Each structure stands twice: as C-alpha cells, then as structure tokens.
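Welcome! Please take a first look at the model below, and then we will walk through it topic by topic.

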Amino acid sequence: QVQLVETGGGLVQPGGSLRLSCAASGSMFSIDAMAWYRQAPGKERELVAVMNGGTSTNYADSVKGRFTISRGNVENMVYLQMNSLKPEDTAVYYCNVRGGIYIYWGQGTQVTVSS
C-alpha cells in the first residue's frame with residue numbers, strides 16, 4: 001500500500017512563490033511517472049505538470065514558464081516550484097504517482113493566491 005502526502009500549500013500574494021512537496025511512502029515496485037493536478041471549486045481537475053520515468057516534463061499552457069516539476073534526491077519525492085503566482089492558480093493541488101499498473105493520489109493541499 002502506497003500513501004502520498006502533499007505539503008507546502010498556503011496563502012500567498014499575487015506574484016509570490018510556493019514550493020509543493022509530495023512524499024510517497026510504502027512499497028512500490030517502480031515509479032513510472034509523477035504529476036501534479038489541481039482543481040478549483042466548480043471546475044474540472046486539470047493536469048498541471050508531469051514528469052515521466054525518463055525525467056522528461058510537460059506543463060499546462062497556463063503555467064508554462066512559471067511552474068517547474070522536479071524530483072528530489074530520493075526516488076519517492078517530487079516537487080512543484082510555483083513562481084509568479086496568479087489568483088487563477090488558486091486551487092487544491094494533488095500529487096499523482098503512477099507505478100506499474102497502479103495509480104496513487106494524495107489528499108491535496110490548498111493553494112490560495114490573493115491580496
């Protein structure tokens with residue numbers, strides 16, 4: 001059984017920065033991809049950033065140039081650096097990890113961008 005825990009969310013002013021962290025615990029045979037999703041109230045969940053097993057990355061157009069997904073020094077850590085934050089970035093951010101035939105989700109962390 002694998003558990004994902006996101007940390008780093010909070011309240012930040014427009015133009016500010018936050019770094020989200022995702023830690024995976026439990027036994028996992030392999031990690032094929034890591035991703036960050038977000039969901040604002042009344043809106044669909046959307047993919048924000050993804051890193052596959054080969055460390056290639058892709059970003060939503062809305063965050064490209066502002067957000068960066070990266071791995072930690074250990075295999076079970078993934079980060080999302082968020083710069084130049086905008087009010088429209090306000091959402092619950094979810095970590096997603098895929099390994100083999102399994103997909104895991106964290107419980108989410110709230111990011112609020114407001115003056």
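Two residues are in contact when they have heavy atoms within 4.5 Å of each other. With that rule, Glu6 touches Ser21, Cys22, Trp36, Tyr93, Tyr94, Cys95, Gly106, Gln107, Gly108 and Thr109, leaving out residues up to four places away in sequence. Before going on, note that this is a predicted model, in which local features need pLDDT of at least 70 and side-chain atom pairs count only at pLDDT 80 or more, while totals for chains, interfaces and linings use all residues. Residues are numbered from 1 along each chain as its sequence is written, and side-chain values use heavy atoms, with hydrogens and water left out.

**The whole chain**

- The protein chain has 0 helices and 11 strands; helices (H or I, at least four residues) and strands (E, at least two) are DSSP runs, numbered from the N terminus.
- Reading along the sequence gives the pattern β-β-β-β-β-β-β-β-β-β-β.
- The C-alpha trace spans about 45 × 25 × 25 Å along its principal axes.
- A compact globule with 115 residues would have a radius of gyration near 13 Å, and the 14 Å of the protein chain agrees with that; this radius is taken over C-alpha atoms, and the globule rule is 2.2 Å times the number of residues to the power 0.38.
- Of the 115 residues, 41% count as buried, where buried means under 20% relative accessible area, exposed over 50%, and partly exposed in between (1.4 Å probe, protein chains only).
- Among contacts between residues at least 6 apart in sequence, 53% join residues at least 24 apart.

**A closer look at Glu6**

- Glu6 sits in strand 1, which covers residues 3-7.
- A salt bridge is a side-chain nitrogen of Lys or Arg within 4 Å of a carboxyl oxygen of Asp or Glu.
- The side chain of Glu6 does reach the backbone nitrogen of Cys95, at 2.8 Å.
- A polar atom of the Glu6 side chain also lies 2.9 Å from the backbone nitrogen of Gly108.

**The nonpolar core**

- A nonpolar core is a set of buried Ala, Val, Leu, Ile, Met, Phe, Trp, Tyr and Cys residues joined through side-chain atoms within 4.5 Å.
- The largest one has 29 residues, and those with the most contacts inside it are Leu4, Trp36, Phe67, Ile69, Leu80, Met82 and Tyr93.
- Elements that give two or more residues to this core include strand 3 (18-25), strand 4 (33-39), strand 8 (77-82) and strand 9 (91-99).
- Leu80 is in contact with residues including Leu18, Leu20, Trp36, Val48, Phe67, Ile69 and Tyr93, with neighbours within four places in sequence set aside.

**Salt bridges**

- How many salt bridges are there? The count comes to 4.
- One of them joins the side chains of Arg38 and Asp89 (2.9 Å, N to O).
- Arg38 lies in strand 4 and Asp89 in the loop between strand 8 and strand 9, so this pair ties together parts that are 51 residues apart in sequence.
- Arg38 counts as buried because its relative accessibility is 5%, and Asp89 counts as buried because its value is 1%.
- Asp89 also meets Arg66 in a salt bridge (2.8 Å, N to O).
- That pair links distant parts of the chain, 23 residues apart, with Arg66 in the loop between strand 6 (57-59) and strand 7.
- Arg38, Glu46, Arg66 and Asp89 are linked in a network of salt bridges.
- Another salt bridge joins Asp61 and Lys64 (3.3 Å, N to O).
- Is Asp61 buried or exposed? Asp61 counts as exposed because its relative accessibility is 66%.

- Most residues other than glycine have a negative phi.
- Ser84 has a positive phi of about 50° although it is not a glycine.
- Ser84 is found in the loop between strand 8 and strand 9, and it is partly exposed, with a relative accessible area of 41%.
- Ala23 lies in strand 3 and is partly exposed, at 29% relative accessible area.
- Beyond residues up to four places away in sequence, Ala23 touches Gln3, Leu4, Val5, Asn76 and Met77.
- The C-alpha atoms of Ala23 and Gln110 are separated by 16 Å, and these residues are 87 apart along the chain.

Note on methods. Polar contact = N/O pair within 3.5 Å; in protein donor to acceptor, adjacent residues only side chain to side chain.
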